[in-house]
Amino acid sequence: MTLLVSGWVALDAIETPFAKVKQSLGGSATCAALAAAQFTDVRLLAAIGEDFPEGEQAKLEGRGIDLAGLTTIEGGTTSRWGARYHYDMNTRDTLFTHLGVNDGWKPVLPAGWEDSSTAFMAADDPQAQLGLLGALPSARATMVDTIQIYIDTAKKGVEAAMRAADFASVNETEARQLTGQASIAKAGRALVEAGAKAALIKLGEYGAVYASPDDYFVAPGYPLEDVVDPTGAGDTFAGAFMGYLDTAEVTPGEVRRAIIYGSAVASFAVEGFGPSRLLELTRDEVEERYREFRAFTHFEEAG
């Protein structure tokens, strides 16, 4: 079993009210791949520039991720992103976005990768996502994600990619923008009615909502007392969700279990800057927090 993760590998500059970092390993595909590696073998499909630090690449190799699809673009610069978080850590100001090598890069599967059993296409040009979905005819579960820039500039393409995949992942702001619904419950249903086979709406510290034609499920967020940096938590959630599903049958029960695993791993991601916590995370820690999630949400029937 092997999960293909595509998207961006980047270098981030992050400021919070308490600390800041520069040149931090980041990117949607980075966080998703590290999270998924807790459960299954991961193939990373992404582009970096010649300026990408060798030490950062070694960190990914150290977690057992197959980097045969990590392409270094000659003369190119690695994508960069900067943001400043407010005191509540739920609100942020984007300081800059430098697309670098991802401006126009078209991902191509390395030979043999078309047999990947599952795939997660992190935020990227929807046409590139559709191309990859078409190149993975045997994948038994696929998911796409998006970001604001593509909803603004290529909304029809985003909607097409969501219809083509088995799962569509968006945050609450994106869900409202795509559907015109203020209610998250209505937005989830609207995404499904528009053609998404199943929709996962990420609610940050408040958890996630899952909607499909036959199911509706709400998962809480883990009650953390201290959040260091929420960057990449949504991609971490999605990567862990798909990583677990790569090891299981895709049934309603297993999808719910995958959502809880996603929330559990994402709760670790926010405990450090960038993916630093994911780089040292163990499966035993994940399983312990999964058990805590079950205890937090368990209750007996009345009477």
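This is a predicted model: local features need pLDDT of at least 70, side-chain atom pairs count only at pLDDT 80 or more; totals for chains, interfaces and linings use all residues.
Residues are numbered from 1 along each chain as its sequence is written, and side-chain values use heavy atoms, leaving out hydrogens and water.

Helices here are DSSP runs of H or I with at least four residues, strands are runs of E with at least two, and both are numbered from the N terminus.

Now, H6 itself covers residues 172–179. At its start, a side-chain oxygen of Asn171 comes to within 3.1 Å of the backbone nitrogen of Thr173.

Which residues of H6 are buried? Glu174, Ala175 and Leu178, where buried means under 20% relative accessible area with a 1.4 Å probe, protein chains only. Looking down the axis of H6, those buried residues fall within an arc of 100°, so they line one face; the arc is taken from the directions from the helix axis to the C-beta atoms. In general, an α-helix has 3.6 residues a turn, so residues three or four places apart point the same way.

And what covers them? The cover includes E9, H4, H5, E10, H7 and E11, with contact meaning heavy atoms within 4.5 Å.

Last, the sheet: 9 strands, open, with mixed pairing, in the order E5-E4-E1-E8-E9-E10-E11-E12-E13. Two strands pair if DSSP finds at least two bridges between them. E5 and E13 stand at the edges with a single partner strand each, so one side of each has no neighbour in the sheet.

Definitions and conventions. Axes are lines fitted to C-alpha atoms, for helices over the stretch in contact, and angles run from 0 to 180 degrees between N-to-C directions. Buried means under 20% relative accessible area, exposed over 50%, partly exposed in between (1.4 Å probe, protein chains only). A polar contact is a pair of N or O atoms within 3.5 Å; within protein, one must be able to donate a hydrogen and the other to accept it, and residues adjacent in sequence count only if both atoms are side-chain atoms.
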